[in-house]
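User: I have a new model open and would like to talk through how it is packed. Could you go over it with me?

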Amino acid sequence: MQLPDAEALCSALAEAMRPCVDSGRTALVGIHTGGVWVAERLHAALGLKIPSGSMDVSFYRDDFNQRGLHANARASHIPFDVEGAHVVIVDDVLYTGRTIRAAMNELFDFGRPARIDLAVLTDRGGRELPIAPTFCPHAMSLPPAQMLALERAADGGLSFRVMEK
């Protein structure tokens, strides 16, 4: 299987978003961990003025009772006023939609945004909730027993790897 080029997808995602963002009014929030890495890239490429945020949606997932808390759980950080803002939630891979639902639930705890968009590097299919990305430069299919993971090298380069669940 040919894996997508994460670096090329970051560039394509930024170009797709460029006409739809206002550098002084659009805010990015990356979902830990891969979404934060992608949001950092997008923030720089798009020249956004509002600092990007990050969130760990572990406590907001509807399967929290089954999965428990990750050992790497982090605090969410939203360094801007969410009320009335145009917020783009950023993640690396869209799968069932449950992580995005959790992210929206958490975001509303910080205020009521005027608009929420979703930007992802790739959509791997398998949706369980009616959630679709606004910006997505790539789609692919993977068997349910596999997951697509974004990795960051020591030099900051991004790449995908397929892992068995």
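User: In the largest nonpolar core, which residues touch the most other members?
Analyst: Bearing in mind that this is a predicted model, M17 and L42 touch the most other members of that core, which holds 26 residues.

User: And which elements give two or more residues to this core?
Analyst: Those elements are the helices α1 (6-17) and α2 (34-46), together with the strands β3 (86-94), β4 (115-123), β5 (146-152) and β6 (158-164). The largest share, 6 residues, comes from α1.

User: What is L42 in contact with, leaving aside its neighbours within four places in sequence?
Analyst: L42 is then in contact with C10, L13, A14, M17, L28 and V90. Apart from this core lies another one, of 21 residues, which includes V29, V57, L107 and L118.

User: Switching to the sheet of 4 strands, what is the strand order?
Analyst: The sheet is open, its order is β2-β1-β3-β4, and the pairing is parallel. Because β2 (53-55) and β4 stand at the edges with a single partner strand each, one side of each is left without a neighbour in the sheet. On average, and with direction ignored, neighbouring strands are turned by 25 degrees against each other.

User: Over how many bridges do β3 and β4 pair?
Analyst: β3 and β4 pair over 8 bridges in the parallel sense, and L94 stands opposite D123 in β4.

User: Where do α1 and α2 lie?
Analyst: α1 lies across β1 (26-31), β3 and β4, and runs at about 150 degrees to β4. α2 packs on the sheet, where it touches β1, β2, β3 and β4, and its direction makes about 150 degrees with that of β1.

Notes. Residues numbered from 1 in each chain as written. Predicted model: local features only at pLDDT ≥ 70, side-chain atom pairs only at ≥ 80, totals over all residues. Heavy atoms only, no water. Core = buried A, V, L, I, M, F, W, Y, C linked by side-chain atoms within 4.5 Å. Buried < 20%, exposed > 50% of the residue type's maximum accessible area, 1.4 Å probe, protein only. Contact = heavy atoms within 4.5 Å. Pairing = 2+ DSSP bridges. Axes fitted to C-alpha atoms, helices over the stretch in contact; angles between N-to-C directions.
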